[in-house]
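Here's a quick briefing for anyone meeting this structure for the first time.

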Amino acid sequence: MYMHKAASSLQKLFVCGALKYGQPGHSILANSGNGHAKFWCRATTTEKLPLVIATRYNIPFLLNKPGVGNYVLGEIYEVDDKMLNSLDDLEDCQDVFTREVQDMNIGVGEGTVPCWVYLLQKYPEKLLSLPYLSSYENSATHPYVMRNRRTHKHPPQEDLAYTAA
């Protein structure tokens with residue numbers, strides 16, 4: 001009985017940035033101490049959204065600006081509430097991101113699936129002048145800086161206004 005209840009409380013989460021498999025933040029999803037996360041399938045957004053790399057830490061952000069950018073490729077995971085809470089803490093949810101449900105496209109003829117996704121709601125307009133990605137890969141050109149390596153003298157909102165020299 002308990003197992004069934006646990007399974008039914010899983011929710012779907014769409015990730016398209018550093019949390020993807022093979023990317024620098026994936027260890028967070030892989031760490032069972034943070035909660036449960038199991039790969040479900042690949043997917044794309046049903047709307048075009050701007051996916052950009054920004055801040056001095058080269059963080060990928062999905063901006064809440066439907067109709068701009070590309071259909072973004074990502075992965076859907078089945079996660080429990082504990083994992084969502086861990087990610088909310090990590091993603092500075094109150095300060096920077098909001099987590100909302102959007103339909104994701106899981107393939108031709110397969111239809112769409114509602115998933116949680118982290119979106120950047122408030123951002124400087126200049127982020128819209130950055131290159132729009134359809135898929136995020138960490139690179140030597142824009143190396144992702146892990147959270148524990150970041151200097152905390154820059155609050156997230158201030159860092160979003162950062163411009164590389």
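**Cysteines and rings at a glance**

Cys41 counts as buried, with a relative accessibility of 17%. Keep in mind that this is a predicted model. It has zero disulfides and three aromatic pairs.

**Cysteines**

**Aromatic rings**

- One of the three aromatic pairs is Phe61 with Phe97, a stacked pair at 5.7 Å centre to centre with 25 degrees between the planes.
- That pair links distant parts of the chain: Phe61 is in strand E4 and Phe97 in strand E6, 36 residues apart.
- Phe61 counts as buried at 4% relative accessibility, and Phe97 does too at 9%.
- Phe97 also pairs with Tyr118: the ring centres are 6.4 Å apart and the planes sit at 85 degrees, so this pair is edge-to-face.
- Here too distant parts of the chain are linked, with Tyr118 in strand E7, 21 residues from Phe97.
- Put together, ring pairs join Phe61, Phe97 and Tyr118 into a cluster.

**Charges over rings**

- Lys12 lies over the face of Trp40, 4.4 Å from the ring centre.
- Arg99 has its charged end over the ring of Trp116, at 4.4 Å from the centre.

How values were computed. Residues are numbered from 1 along each chain as its sequence is written. This is a predicted model: local features need pLDDT of at least 70, side-chain atom pairs count only at pLDDT 80 or more; totals for chains, interfaces and linings use all residues. Side-chain values use heavy atoms; hydrogens and water are left out. A disulfide is a pair of cysteine sulfur atoms within 2.5 Å. Buried means under 20% relative accessible area, exposed over 50%, partly exposed in between (1.4 Å probe, protein chains only). Rings of Phe, Tyr and Trp (its six-membered ring) pair if their centres lie within 6.5 Å; planes under 30 degrees apart count as stacked, over 60 as edge-to-face and the rest as tilted. Helices (H or I, at least four residues) and strands (E, at least two) are DSSP runs, numbered from the N terminus. A charge sits over a ring if NZ of Lys or CZ of Arg is within 6 Å of the ring centre and within 35 degrees of the ring normal.
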